Amino acid sequence: MTAALLSAPSSAAPGPARESLSGGGRTAQISRTAYGIPHILARDFDGLGYGYGHAFAQDNVCELADQVVTLRGERSRYFGPDGERGEGANLASDTYYKGQLRAGTVQQLLDRKAPLGPTGELRRMVQGYAAGYNRYLRETGVGNLPDARCKGKSWVRPVTALDLWSVVYDVNRVTGEAPLAPDIGDAKPPTADGDARATAFSAPGGQGAADDFGSNGWALGRDATRSGNAMVLANPHLPWVGGALRFYQVQLTIPGTLDVSGAGLYGTPLVLIGHNKDLAWTHTASDAQHTSTYALKLVPGDPTSYVVDGRTERMKRRTVAVTVRDTDGREKTVERTLYTSRFGPVLSSGWTTKTAYAVRDANADNLRSMNTWLAMGKAHSLDQLRTAQDTYQGIPWTYTLAADTSGDTYFTDSSAVPHLTDAQLERCARPGGEDGPAALDGSTSACAWGSDPDALVPGLYGPSHQPELARSDYVANSNNGPQYTNPEEPLTGLPGVYDIDPRLAPRPQLGLSMIAQRGDGTDGLGAPGFTGRTLRSSALGNRVLSAETGRDDVVALCRAHPVLETSDGKETDVRQACATLARWDTRADSDSRGAALWVAFYDHVLRGGPSDTWRRVPYDPAQPLTTPRGINGDDARVRHALADAVQDFAARDLPVDAALGTVQKWAGVPLPGCNGNKGCFNVVDAGPDAGTGTPAEGAFGSSFLMAVELTPDGPRAHTLLTYGQSANPASPHYTDQTRLFSRKQWVAERFTAAEIASDPDLEVTTLTTSRH
């Protein structure tokens, strides 16, 4: 995009006009194309942030306002101490975040100079973003907001740059401290007589609290595509409700400096997954550990002191004041205390008179992520991308898969990973059980994190130890460990913290087989090598590996045994179910009949526990890509599961051949896909009422999809934001792309100025301010 800005007052009129960058103050042009996708053009980072913040506020003002209430520790003030999350949940969360504010945690990170602290460009962009958001709020008025969920609400207020950096900081710790905020905020020493607080453990046990996050990511090189051009597929799987992990699609342009298109998480003022004209990248959730839980050996008679190397250390205490609104609307202030050890904050869960648990987060001092993503957006080759990641070391908890116009591809886990050797993991591990979660031994400093000479932050592995792979055919990941990024060149010999379990789950098995089939032309889609069309059809083909390898086994079972016994001993006629499965094409399309029944059946099988004796072919380490597979129809667990599924459908008054889209919807729109544990590549987990109600019923799965080909003439991309640009149920962009998703359709991206100007739905707004 090479066009410039109008210097006219703020307006909202269609037209592609882009004339000159002129005038003082902040200036930004927002060009919205079909489906409300904003393309922000500015002459500097102040203006770019200004336009982005204003555009985002137009679509999602409530979400950012709600995030800020949480991060300021004010949920109890506006929503009461309990809120929607349970007894005392808001109060516990507020205690944690008030503690962060009092400690000045984020401000101290901001006070650092780059590379540990934000660059000057980013500081200006964040300040501009806050100003743009606040301008929308000021000019619209809280009482006139288009979203009824926050219209006229006192908790909707202007935001500061510190608020936005706090959003970034929280996103970086989403696999560590952030989901444990209520547990940390509610931590109290046990009474002298007991272990009453040794209850359900929410500690991550060293693996992080985001085990359910998922994604598919492919980078296809010149040897895997028919044209010889590199391609990238992005398909992150994240929650559809809640502002913290929802994507917003945007293009950000400063002529001659930055031109990047893709999506970022709400409140983060950059593109986190996307492309420019020469480079494309995506992320998937890393299988590495990003957090360690330590078991503290407490001093007898003093549950706030612990022993390390035979010496007593006192927990640090921080008292905070939290404002609470009681049931009659009156406000009061309560004092709360937080406890911290040398290993990190202490948890409420499991704190007894003998043991307490502390959590150490590898991203506890990470604001470097924004530096990294901005530098990646500016990069125009894989070498420059690697330099960006090595310089700032800020990717928090994901793998990176990328390709450039050379036709090469690249994979790395450059995320923040604790420096724990295999010997430490073996020697220091304390197994979990009734007395506590799995943890490391906190009574000896020998179990503390080490460090690497090339690590910016002590305690972490540096770039020299991080897994990486460069190929001219492909690199791929579906939340498996790094070993089978490309089975032709397995990544082995890594520190154990990087590859917790090398065994492949069904979804990555399917993904690797789909890539192989496009390489040999055996998938029925034509000659070998991916095209843009076949890449998109693979992403939304809705294949289900468990059905492809096991449906015929189940049909053989029910044909031989038309009456089966449920797990509670009731005989059930399964003939209609059997006929439905026999007719089903094994796809999880929204109109597929048989997919819903298969999902219910398979869920019952999996509830039987981790044993895989019900598999026809058990797992074989020598065949990691194709085992286990099939279903043993002689197994009682399998027979009960099919009968139980039929019984469930009857109880819900559903026919066994109900279309998948009748049982999973978003705001009434039928959804394709299913959970990845069934081998669904297109992951979706939703109920019939998802996307409705206040608050909206949740869903999970495919969110921002991007399929981009890096051609010599520029990028050719198709995208899909499954839940649309706005979280406001009254917005036309709440379900417009969901309807496309239901039909397996994509949005052709408009990247160049000419492409944007030719959009028939184009609306252009120019924002200016006086010199600031």
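Predicted model: local features only at pLDDT ≥ 70, side-chain atom pairs only at ≥ 80, totals over all residues.
Figure 1. At the start of α1, a side-chain oxygen of D44 comes to within 3.4 Å of the backbone nitrogen of D46. After α1 comes G73, which has a positive phi, near 70°. Of the 27 residues of α1, 25 are buried, so the helix is largely enclosed by the rest of the structure.

**Figure 2. Nonpolar residues gather in a core of 148 members.** In soluble globular proteins, nonpolar side chains tend to be buried together. Here, the largest nonpolar core has 148 residues, and W165, W218, F247, L252 and W281 touch the most other members. Helix α1 gives the most to this core, with 14 residues. Apart from this core lies another, of 36 residues, including F601, Y602, L642 and L660. What does W165 touch, not counting residues up to four places away in sequence? The contacts of W165 are V106, L110, P118, L122, R123, V126, L367 and M370.

**Figure 3. W240 and W666 form an aromatic pair.** The count of aromatic pairs in the model comes to 23. In the pair of W240 and W666, the ring centres are 5.2 Å apart and the planes stand at 75°; an angle over 60 degrees counts as edge-to-face, so this pair is edge-to-face. The two residues come from distant parts of the chain, 426 residues apart: W240 is in the loop between β5 (231-239) and β6 (247-254), and W666 is in strand β25 (residues 665-666). Is W240 buried or exposed? With 0% relative accessibility, W240 counts as buried. W666, at 1% relative accessibility, counts as buried.

**Figure 4. Y339 and W351 form an edge-to-face pair.** The ring centres of Y339 and W351 lie 5.3 Å apart and their planes are at 80°, so the pair is edge-to-face. Y339 belongs to strand β14 (residues 331-341), and W351 to the loop between β15 (344-345) and β16 (355-361), so the pair ties together parts that are twelve residues apart in sequence. Y339 has a relative accessible area of 8% and is buried. W351 counts as buried, at 0% relative accessibility.

**Figure 5. Five residues form one aromatic cluster.** The members of this cluster are Y52, F56, Y129, Y248 and Y266.

**Figure 6. S702 is buried in strand β28.** The strand comprises residues 699-702. The relative accessibility of S702 is 0%, so this serine counts as buried. Leaving aside residues up to four places away in sequence, S702 touches N235, P236, H237, W240, N682, V683, T722 and F741. One of these contacts, W240, is a member of the aromatic pair with W666.

**Figure 7. The side chain of T412 approaches the backbone of P467.** T412 is found in strand β18 (residues 409-412). Its relative accessibility is 2%, so T412 counts as buried. A polar atom of the T412 side chain lies 3.0 Å from the backbone oxygen of P467.

Definitions and conventions:
Residues numbered from 1 in each chain as written. Heavy atoms only, no water. Buried < 20%, exposed > 50% of the residue type's maximum accessible area, 1.4 Å probe, protein only. Helix = DSSP H or I, 4+ residues; strand = E, 2+ residues; numbered from the N terminus. Polar contact = N/O pair within 3.5 Å; in protein donor to acceptor, adjacent residues only side chain to side chain. Contact = heavy atoms within 4.5 Å. Core = buried A, V, L, I, M, F, W, Y, C linked by side-chain atoms within 4.5 Å. Phe/Tyr/Trp six-rings, centres within 6.5 Å; stacked < 30°, edge-to-face > 60°.
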